[in-house]
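Q: Hi, could you walk me through this one? I'd like to look at a few local features together.

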Amino acid sequence: MKNFSGYLISFFIKKRIQNIELTLKYPIDIQHRLLKKLIFFSKRTEFGKKYKFHDIKNYQQFYNRIPLSKYIDIYPIIKRIRQGEKNVLWPGQVKWFAKSSGTTHTKSKYIPVTPLAMKECHYKAGQDMLSIYLHNHPETKMFFGKALRLGGSHKLHKNYNTFYGDLSSILIKNLPLWAEYISIPKKNIALMSEWEEKLKILIQETINQDVRIMLGVCSWLLIFLNQLLNFSNKKNINEIWPNLEVIFHGGVNFHPYRKQYNDIFYQHTPNYYNVYSASEGFFAVQDKKDSKDLLLLLNHGIFYEFISMDDFYHSYPKIIPLDEVELNKNYVLVISTNAGLWRYIVEDTIKFTNLTPYRIYISGRTTHFINSFGEELIMDNAEQALNKTCIKTDSIIHEYTAGPMYINKKHTGAHEWIIEFKKPPKNVFNFRDILDQELKYLNSDYEIKRYKNLVLQPPIIYIARNGLFYDWLKINKKLGGQNKIPRLSNNRKYLDDLLKIN
């Protein structure tokens, strides 16, 4: 019965590849057809009436009529929708909201998730992720066992009968039957909000299962796997789950964790496949084995526009559609979706690595950078420099964050890094010097500011005690789910908090 179910699921998932290939063939046509569909569905909503959706015939009219928006701009509207108002941004009532970390103006963001967004964006993209994997690995037996999911928790907003929680918990709560059939743990465990208690039960529920697929944020999956090894007294994960074949991960850059993953598998390393999923939508999937690039999903309820980071902080930035993007240029994502987000600015930045088909990689965040001295250090610079430094110093980083040390009468500025090592370097000053050189190589603005120490001194490195970042997350009630360590900040908030408890 198990094998029959596995073959049946594989058969239906494989058929998705034809739709993916059609999108690759006509990407621009499909995007513009999607935009017309979004406008048509929403023309009788409050938003659609305000901006006269009924007579928008093409992209240029849409471009001229609809303003850009950040979360703070639509926060009052979201508040009304959470109180039960219908037909505001999207037809009908929205009952589900993905809760994520907030902006400088709000503690948390509540992103609407409509039934259509679940079906046509998140679940459809999940099927395409599996379909691409099946296409790349035709002999796979991944559906003959179980898929272990590591998600968040959900809560009921009691005043207005709407639900909110991590996106993962919303998707788990509404998962299709076929996906629920192969998934572990059970919903009541997967949706537990107390991370440490959940971890204990999760280990007991899954240790004797035939796990072949894992899904989650790679940093939290790693914590779970290490706890699993401690509990079982095994040397590597292969002894527990010999058929584990693939890990689908997202949320944070995988490369700093790759060596740690390889160490705990030892005999048989699984395939690692990256996905780009956020509260606002499922944007991209890795379509080639052992690739850093992600295939942009163009027929999943999201119409894309882009703003060059060179223009982003201007009063009236230039916005371009997909057919005008250039290779290797930093862009901010602007999306219009089947959840009622219209020309909404996503805080991630991406670069295109290929235009036929459209492939991207995530280069950073509009809010996660250091530019206190004009050096414009972004996460992509930091990740690449740290990765090369670790190779050259035979060290392994577990977690890190960095921020500015401001200029005063006594000294020029600097970047302060607090790093928790899995394997520390033999000489921290050598590590610092190599990191400094790698950053200079990757970022000409940083190199100029470092010239003769006139603006920036060499980096200052603090070695964190074991468990520091985990403790910081626990203190701030951010354990588990989709919470992430802030990598770079243009102020000292995270840095000072961590140094205080180090």
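A: Happy to! One term before we start: a residue is called exposed when its relative accessible area is over 50%, and buried when that area is under 20%. Also keep in mind that this is a predicted model.

Q: Good. Then is Lys 477 buried or exposed?

A: Lys 477 is exposed, because its relative accessibility is 76%. Its backbone is worth a look too: Lys 477 has a positive phi of about 55 degrees, although it is not a glycine.

Q: Where does Lys 477 sit?

A: Lys 477 is in the loop between α17 (468-475) and α18 (493-501).

Q: And what about Arg 343, what is its phi?

A: Arg 343 is not a glycine either, and its phi is positive, at about 50 degrees. Arg 343 belongs to the loop between β14 and β15. With a relative accessible area of 2%, Arg 343 is buried.

Q: Now helices. How far apart are the end C-alpha atoms of α3?

A: They are 23 Å apart. Helix α3 covers residues 27-42, so its 16 residues should span 22 Å at 1.5 Å a residue, and the two values agree.

Q: Which residues of α3 are buried?

A: Pro 27, Ile 30, Gln 31, Leu 34, Leu 35, Leu 38, Ile 39 and Ser 42.

Q: Why would a spacing of three or four places turn up in a helix?

A: An α-helix has 3.6 residues a turn, so residues three or four places apart point the same way.

Q: What do the buried residues of α3 pack against?

A: They pack against the helices α2 (16-25), α4 (46-50) and α5 (59-65), along with the strands β12 (302-308), β14 (331-337) and β16 (358-365).

Q: Let's stay with β12. How many of its residues are buried?

A: Seven of the seven residues of β12 are buried, so the strand is largely enclosed by the rest of the structure.

Q: Which residues are on which side of β12?

A: Ile 302, Tyr 304, Phe 306 and Ser 308 are on one side, while Phe 303, Glu 305 and Ile 307 are on the other, and both faces are covered. In a regular strand the side chains alternate between the two faces of the sheet.

Q: Which strands does β12 pair with?

A: β12 pairs with β14 in the antiparallel sense, over seven bridges. Within that pairing, Tyr 304 has Ile 335 of β14 as its bridge partner. β12 also runs antiparallel to β13 (residues 319-321), joined by three bridges. There, Phe 306 is partnered with Ile 320.

Key. Residues are numbered from 1 along each chain as its sequence is written. This is a predicted model: local features need pLDDT of at least 70, side-chain atom pairs count only at pLDDT 80 or more; totals for chains, interfaces and linings use all residues. Side-chain values use heavy atoms; hydrogens and water are left out. Helices (H or I, at least four residues) and strands (E, at least two) are DSSP runs, numbered from the N terminus. The expected span of a helix is 1.5 Å times one less than its number of residues. Buried means under 20% relative accessible area, exposed over 50%, partly exposed in between (1.4 Å probe, protein chains only). Contact means heavy atoms within 4.5 Å. Two strands pair if DSSP finds at least two bridges between them.
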